[in-house]
Amino acid sequence: MSHHAAASATAPRPARRLARRLPVVGGIAAGSVLLLAGPAFAHVSVQPMGAAAKGGYATVNFKVPNERDDSSTVKLEVTLPTDHPLASAMPESVPGWKVEVTKAKLPKPIEMEGEKITEAPTKITWTADGKGVEPGRFQQFPVSVGQLPKDADQLVFKALQTYDDKKVVRWIEPTKDGAPEPENPAPVLKLTAATEDGHGSADAKNGAQDSTTAAADKDVPDSDTTARVLAVVGILVGIAGIGLGLFAGRRRNA
């Protein structure tokens with residue numbers, strides 16, 4: 001009998017059982033990493049580039065991550081709010097995408113800078129000319145909007161995300177205060193208090209910094225998913241360390 005075989009035969013049974021179970025624990029934990037790194041954390045959102053103050057104008061970004069690993073996003077439809085209609089919505093040109101703004105007559109005219117507005121944009125549609133948003137990537141769609149309402153704290157933009165296999169994800173569910181986030185939340189733009197000039201103009205320096213950050217983020221994976229995965233990896237390392245410590249301790253006691 002070899003020295004290795006003799007050592008195995010004389011090792012206490014609990015230690016041998018623990019050694020056999022460690023690979024199983026590691027496999028289960030690794031599976032958890034894959035699950036937590038999945039697409040549940042990515043959704044269409046809207047963020048201002050600078051400030052989005054009540055009564056003013058703002059440039060906002062609709063951020064569209066690709067939440068699937070087997071197809072690309074080729075279309076985005078954003079419905080503009082009807083409870084607080086926007087008189088103006090001008091999308092910025094995005095390479096590789098066609099854009100169309102749909103307008104409709106308002107049931108009740110709104111007044112902006114002394115003029116009555118009877119027609120307003122109701123939907124913006126981006127359609128990919130090429131590959132679209134490929135797996136593991138995201139795209140930002142900037143839009144200049146205004147005049148923002150003075151009597152609201154937020155604006156809700158419902159969105160439809162279409163993939164090249166014709167699957168559509170409907171980001172239209174409302175988010176309620178104090179309740180868990182829904183599976184497919186609608187993008188929400190938070191509005192800030194108006195500035196002293198009454199127009200809610202954003203600080204130029206902050207706006208430039210936000211634009212630079214947005215451009216740099218295009219080559220970086222979604223930060224929320226990355227942070228969560230790293231946290232889980234840290235937990236797994238801790239579990240493995242505890243298991244090895246128990247195994248070594250039991251061998252010394254034996």
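Before I come to the residues, one cut-off is needed: a residue is called exposed when its relative accessible area is over 50%, and buried when that value is under 20%. Please keep in mind throughout that this is a predicted model.

With that cut-off, Asp70 is exposed, because its relative accessible area is 56%. Its salt-bridge partner is Arg68, and the closest N and O atoms of the two are 3.3 Å apart. Arg68, by contrast, counts as buried, since its relative accessibility is 17%.

Which other residue meets Arg68 in a salt bridge? That is Asp165, whose side chain meets that of Arg68 with an N to O distance of 2.7 Å. This pair links distant parts of the chain, 97 residues apart: Asp165 lies in the loop between strand 9 (158-163) and strand 10 (168-171), while Arg68 lies in the loop between strand 2 and strand 3 (73-79). Asp165 counts as partly exposed, at 37% relative accessibility. Through shared partners, then, Arg68, Asp70 and Asp165 are joined by salt bridges into one network.

Let me turn to another pair, Asp153 and Lys54, whose side chains form a salt bridge at 2.7 Å, N to O. Asp153 is exposed, its relative accessible area being 55%.

Conventions:
Residues numbered from 1 in each chain as written. Predicted model: local features only at pLDDT ≥ 70, side-chain atom pairs only at ≥ 80, totals over all residues. Heavy atoms only, no water. Salt bridge = Lys/Arg side-chain N within 4 Å of Asp/Glu carboxyl O. Buried < 20%, exposed > 50% of the residue type's maximum accessible area, 1.4 Å probe, protein only. Helix = DSSP H or I, 4+ residues; strand = E, 2+ residues; numbered from the N terminus.
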